[in-house]
Amino acid sequence: MALVGRSSHQEGTNKMKHKYGPCTFCGGEVSERLIEHEYRWQAELFLFEKVPAGVCQQCGEVYFTIDTVKALEQAVLSKARPQRTIQVPVFVYPELVPA
Ligand SMILES: [Zn+2]
C-alpha cells in the first residue's frame, strides 16, 4: 500500500525497518508489526491498514515513527484516493438507553 507514491527518491528509506527502544510506559520489548490505525481529521474518520508500528509486547502501547505519521497525514491532507471506503455505524448513547 503506497501512501505517498509520488517522490521516487524517498523509496529507499521507507522500506527500512525502524529500531524501537524499550516501551516508555512499562519497559517492555517493542517490535515492529503491521497494524490497523484510525485517524480522525475534523469530522472525518480515516482507517489505515498494514501500517508499520512498534508494538509493546507487554502492554500493547503503539509507537509510530515520524515518517509514518507524516505519510498518514499526507494521505489525509492531500485527499489521496483510498483503496476503498467503508461505512461506519454511529450510535448516540442516550438514544440506546430509554429514559
Ligand atoms: Zn509497554
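Mentor: Start with lysine 79. It counts as exposed because 7 other C-beta atoms lie within 10 Å. A residue is exposed at 12 or fewer such atoms, buried at 20 or more, and partly exposed in between, with C-beta atoms placed from the backbone. Lysine 79 sits in the loop between α2 and α3.

Trainee: What should I know about the model and the numbering?

Mentor: This is a predicted model: local features need pLDDT of at least 70, side-chain atom pairs count only at pLDDT 80 or more, and totals for chains, interfaces and linings use all residues. Residues are numbered from 1 along each chain as its sequence is written.

Trainee: Why is lysine 50 called exposed?

Mentor: Lysine 50 has 10 other C-beta atoms within 10 Å, so it is exposed.

Trainee: And what makes valine 88 exposed?

Mentor: Valine 88 has 8 C-beta neighbours inside 10 Å, so it counts as exposed. Valine 88 is in the loop between α2 and α3 (93-96). Its C-alpha atom is 8.9 Å from that of leucine 45, 43 residues away along the chain.

Trainee: How many helices and strands are there?

Mentor: The protein has three helices and three strands. Both are DSSP runs, numbered from the N terminus: helices are H or I with at least four residues, strands are E with at least two.

Trainee: How do you know what span to expect for α2?

Mentor: The expected span is 1.5 Å times one less than the number of residues. Helix α2 (residues 66-77) has 12 residues and reaches 16 Å from first C-alpha to last, close to the 16 Å expected.

Trainee: What makes β2 and β3 a pair?

Mentor: Two strands pair if DSSP finds at least two bridges between them. Two bridges join β2 to β3, so the pair qualifies, and the strands run antiparallel. Glycine 54 has tyrosine 63 in β3 as its bridge partner.

Trainee: In what order do the strands form the sheet?

Mentor: The three strands form an open, antiparallel sheet in the order β1-β2-β3. β1 (30-41) and β3 (62-63) are at the edges because each has a single partner strand, so one side of each is left without a neighbour in the sheet.
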